[in-house]
Amino acid sequence: MEKITTDICVIGGGPGGFSTAVVAARMGKKVLLVDRAGFIGGQLGSGLPFLAFWDIKKRQVIGGFAQEYVDRLEAVGASYGHAYCPHHQSTTLVHPFYSRIICFQMLEEAGVDVLLHCELTDVTVENEKITSVVVTGKGTSIEIDAKIFVDGTGDGDLGFMAGAAYEKGNEKTHVMQPPTLMFNLGGVDFDEFADFIAQHPEELPYDVLPNIAEGYNAEFFRTNKSFIFLGMHHLLEELRKKGECPVDRETVIFIRQPIPGEVMVNTIRILNFDGSDVRSLTKGEINAHLQIPKIMKMFRDHVPGFENCYLASINSAIGVRETRRIVGEKMLSHEDAIAGLKPEDSIALCGYFIDVHNGAGQGTYRVVIKEPFGIPYGCTVARDVSNLMMTGRCISVDHLAFGATRLMNECMVIGQAVGDAASMAIDAGIAPKDVDVKQLRKTLLEQKAILRV
Ligand SMILES: Cc1cc2nc3c(=O)[nH]c(=O)nc-3n(C[C@H](O)[C@H](O)[C@H](O)COP(=O)(O)OP(=O)(O)OC[C@H]3O[C@@H](n4cnc5c(N)ncnc54)[C@H](O)[C@@H]3O)c2cc1C
């Protein structure tokens, strides 16, 4: 079997794995980033926007690598930067395809070795330490030896296969947030849509969601090219009464894209789904694709501005919101998050509200975060496997705290800290859990991370 030896092996190149790989390579480490897809960026390539670079008081709480990435997008017209949103605090559009190009540019500049079209297929653990992993693509397997392994798979596949403890979904019911297959519609007339909302303000979500400031209205959609629309519950209710509602949820969500006349529709919902199970994934992909024409018909027939919309693209795979979280040296609780605690070993701040879509029925559970909270370093270090770190959404947080920490920009700044910490651990010849967090925070601040507001 072919063998690769490297300092740090990152499995999964979503916002978490991508930033970890670039930052560790910039610190002079030999880094291999492996992904099963044909591009890097994970959900960054879906048309989803960054949310809550700003907290509820409009203070920027996420900087560093995530801000650098937005600057790169803006420089090529692939984002308009941060814009105020009465609901999401701030929105920052991400062009689904430029995002991938910029990921490759930054990986090349940093000197990261990349291996695509390869899925993790085996993990060898001796004395609670990963000695090697095997990745396989096109019938060929490659063994990878590394000093530190980083789980950036989103689903915690590496930690799971290494035998680390994990939690999945809600601690009691094990229900996970539902997935959504994102698709883009072109040919949308935004002025006509804003006129419709002006005439039908009841379609705004003020009576179904608790945390929306004033100003989420027709004028906002007419004048803000970085908007996310969330609402239309009356329309869905009407259609449901007639047996014509195309989706099991109470609101539609679409996101204006930095592409003329285009929106990304984040509305499909599959209930009772498990994104870490291939049978469930298969069923979910099929059901999700079959929902697209029904949702399109609803938009065309009932939403002015969408009469002439057409299917512009479908994301590369169903978007899985929640699966496993690997248990770390520390686990962030939602109580600490809601209290706005910023422990001394915080490696990133988060100011987004707790946002839990119901995976077993209708509704969304939300809790406002009045003060940003800190994510302790220990949430990124596996408790049971000494050379395993987690980045992105599979870090060690509880189910409700996850509702806030899962954001892509959050995953990026967590990844930045993991890249630095893994590099420091290798330099010092120590395990990740023994990294000097004071020194790590100093390095992060030098890299323009935001650790206090
Ligand atoms: C429907 C939906 C809507 C969302 N809305 C928003 C939003 O508006 N704004 C926001 O900021 N966040 C949003 N999120 C959350 C956010 O997208 C994710 O939490 C975030 O992308 C997680 O980053 P990650 O790096 O952990 O994983 P991902 O982005 O999921 O990337 C994981 C990567 O690992 C690779 N991979 C997975 N398993 C393996 C394996 N076994 N072997 C090799 N490679 C593997 C995948 O190909 C992928 O590239 C949303 C998520 C979903 C699903």
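## Close-up views of a predicted model

**View 1. Strands β3 and β5 run antiparallel and are joined by two bridges.** The model shown here and in the other views is predicted. Strand β5 covers residues 89-92. Across from Thr92 in β5 stands Phe50. The two strands belong to an open sheet of three strands, in the order β3-β5-β4 with antiparallel pairing. Because β3 (50-51) and β4 (82-85) stand at the edges and have a single partner strand each, one side of each is left without a neighbour in the sheet. Strands of a sheet pair through backbone hydrogen bonds, either parallel or antiparallel.

**View 2. Strands β18 and β19 form a hairpin with six residues between the strands.** Residues 354-357 make up β18, and residues 364-367 make up β19. The pairing is antiparallel and extends over four bridges. Ile354 stands opposite Val367 in β19. In this hairpin, Gly363 takes a positive phi near 100°.

**View 3. The protein is divided into two parts, domain 1 (2-175 + 322-446) and domain 2 (183-314).** Taken over C-alpha atoms, the centres of domain 1 and domain 2 are separated by 28 Å. Where the domains meet, 26 residues of domain 1 are in contact with 28 residues of domain 2. On the side of domain 1 that touches domain 2, β4 and β5 each supply at least two residues. The residues of that side divide into 11 nonpolar, 12 polar and three charged.

**View 4. The largest nonpolar core has 138 residues.** Cys9, Ala21, Ala417 and Ala422 have the most contacts inside this core. Helix α11 (residues 408-428) gives the largest share, 12 residues. Domain 1 and domain 2 each contribute at least three residues to the core. In soluble globular proteins, nonpolar side chains tend to be buried together. For a closer look at one residue, Ala422 touches Ile8, Ala24, Ile148, Val150, Met389 and Pro432, leaving aside residues up to four places away in sequence.

**View 5. The ligand is surrounded by 37 residues.** The closest are Gly12, Gly14, Gly42, Gly319 and Gly392. Two or more residues of the shell come from each of α1 (15-26), β3, β7 (119-126) and α11. By type, the shell around the ligand divides into 14 nonpolar, 15 polar and eight charged residues.

Technical notes. Residues are numbered from 1 along each chain as its sequence is written. This is a predicted model: local features need pLDDT of at least 70, side-chain atom pairs count only at pLDDT 80 or more; totals for chains, interfaces and linings use all residues. Two strands pair if DSSP finds at least two bridges between them. A nonpolar core is a set of buried Ala, Val, Leu, Ile, Met, Phe, Trp, Tyr and Cys residues joined through C-beta atoms within 7 Å. A residue is buried if 20 or more other C-beta atoms lie within 10 Å of its own, exposed if 12 or fewer, and partly exposed in between; C-beta atoms are placed from the backbone. Domain bounds come from an automatic or database domain assignment. Two residues are in contact if their C-beta atoms, placed from the backbone, lie within 7 Å. A residue is near a molecule or strand if its C-beta atom, placed from the backbone, lies within 6 Å of it. Ala, Val, Leu, Ile, Met, Phe, Trp, Tyr, Cys and Pro count as nonpolar, Asp, Glu, Lys and Arg as charged, and the others, Gly among them, as polar.
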